[in-house]
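Dear colleague,

Please read them alongside the coordinates.

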Amino acid sequence: MTKFQERVFSGVQPTGTLHLGNYLGAIKNFVELQNKYNCIYCVVDQHAITVEQNPVELRSNILEVLASFIAAGVDYKKQIIFQQSSVAAHSQLAWVFNCVSRIGWLNRMTQFKDKAGKNRENVSVGLMVYPNLMAADILAYLATHVPVGDDQKQHLELSRDIAQKFNNDFGVNYFPQPEPLIYGNATRVMSLRDGTKKMSKSDPSDFSRILLTDEDESIASKIKKAKSDSELIPESSKDLQDKPECLNLINILSACLNQSVDKTLQNYSGKEYSLLKKDLAESLIQIIKPMRTEIKNLLNNKDELDAILKDGTQKATNIANPIIEDVYKIVGFK
Ligand code: AQP
């Protein structure tokens, strides 16, 4: 078995201001992983246009995601951060993978089913082949580890299937099997209004999510209004199985405090949710306030952000281009 050089890749869509789910599920881990691995973090704008975007807002969202990476602690001097559409390798490899991946595989993707809903015949082809592009994003760098939230697990499995099928079809051992890194207490942060739905940028309710740019008062008011329960907090998470909104608040607080859910329950059992919410709002404000300030500062200096993207594009291209050369030789283009 070839030993692939360890490398982390992950991406975030510029489809709106980032929220607590994006932070706790993914970006917080991006920051931790940079101490151990070479990392490549990407603003995946090509994924964003699989659903309709306003071009002016898209451009501004790209810079905001970049600013959010940096404000959260991604070190752009040591790691690579860049914009997907500026590196041609993503599209080039995605086309090859469109011809390796199977329609039956894509038909099973729950995110496509959720996003297409009853409108299946009318959504973009891009929305369906999104996981093939995601496989290309990762494998254009032969990345071995991919930190993501739980919602991306199925797409990661598909990336592994594509890598395996490519290797089998062409009799090579070229692509690694990328490992999902899904860890922490908040791998799936749920909506504050409906604990059965994940917190999402596209949820119509602003009160469903905490944004990384929210002011302190807004954080406090969203948490105060978050759905919970009039009963007291139980001792065990088993008693919260039919109360997803309550479990969500406990998971979020545990993630903020970097402690286990059991420890949080020990501290709060027998108490009212209003007390937990007060402490949660304080913890969130402590985490978000410095990020919010830094995001604003960075967005006031767009030239610097453009320069960071340009530098990242160059470094990413230098890694990906030889890999595309190899792939083109393997498939017989060259
Ligand atoms: N609620 C969540 N809990 C934990 N992790 C989450 N992620 C997203 N939502 C949650 C993780 O954040 C990373 C970036 O996600 P994305 O923006 O590329 O796409 P998404 O998963 O489709 O996020 P949204 O917010 O739901 O966007 P829209 O509404 O535009 O589709 C990924 O690692 C993801 O797992």
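Phe 69 is buried, with a relative accessible area of 0%, where buried means under 20% relative accessible area, exposed over 50% and partly exposed in between, using a 1.4 Å probe and protein chains only. This is a predicted model, in which local features need pLDDT of at least 70 and side-chain atom pairs count only at pLDDT 80 or more, while totals for chains, interfaces and linings use all residues. Residues are numbered from 1 along each chain as its sequence is written, and side-chain values use heavy atoms, with hydrogens and water left out.

On the aromatic side, the structure holds 11 aromatic pairs, a pair being rings of Phe, Tyr and Trp (its six-membered ring) with centres within 6.5 Å, counted as stacked if the planes are under 30 degrees apart, edge-to-face if over 60 and tilted for the rest. Phe 30 and Phe 69 form one of them, and because their ring planes stand at 70°, with centres 5.8 Å apart, the pair is edge-to-face. This pair links distant parts of the chain, since Phe 30 lies in helix α1 (residues 20–33) and Phe 69 in helix α3 (residues 55–72), 39 residues apart; helices here are DSSP runs of H or I with at least four residues, strands are runs of E with at least two, and both are numbered from the N terminus. Phe 30 is likewise buried, at 0%.

Tyr 174 and Phe 175 are also edge-to-face, with ring centres 5.1 Å apart and planes at 80°. Tyr 174 counts as buried at 15% relative accessibility, and Phe 175 is buried at 1%.

Lys 28, in helix α1, is buried yet has no salt bridge, the nearest side chain of opposite charge being Glu 32 at 4.7 Å; a salt bridge requires a side-chain nitrogen of Lys or Arg within 4 Å of a carboxyl oxygen of Asp or Glu.

A polar atom of the Arg 7 side chain lies 2.6 Å from the backbone oxygen of Tyr 141.

Best regards

Notes:
Polar contact = N/O pair within 3.5 Å; in protein donor to acceptor, adjacent residues only side chain to side chain. Lys, Arg positive; Asp, Glu negative; His and termini not counted.
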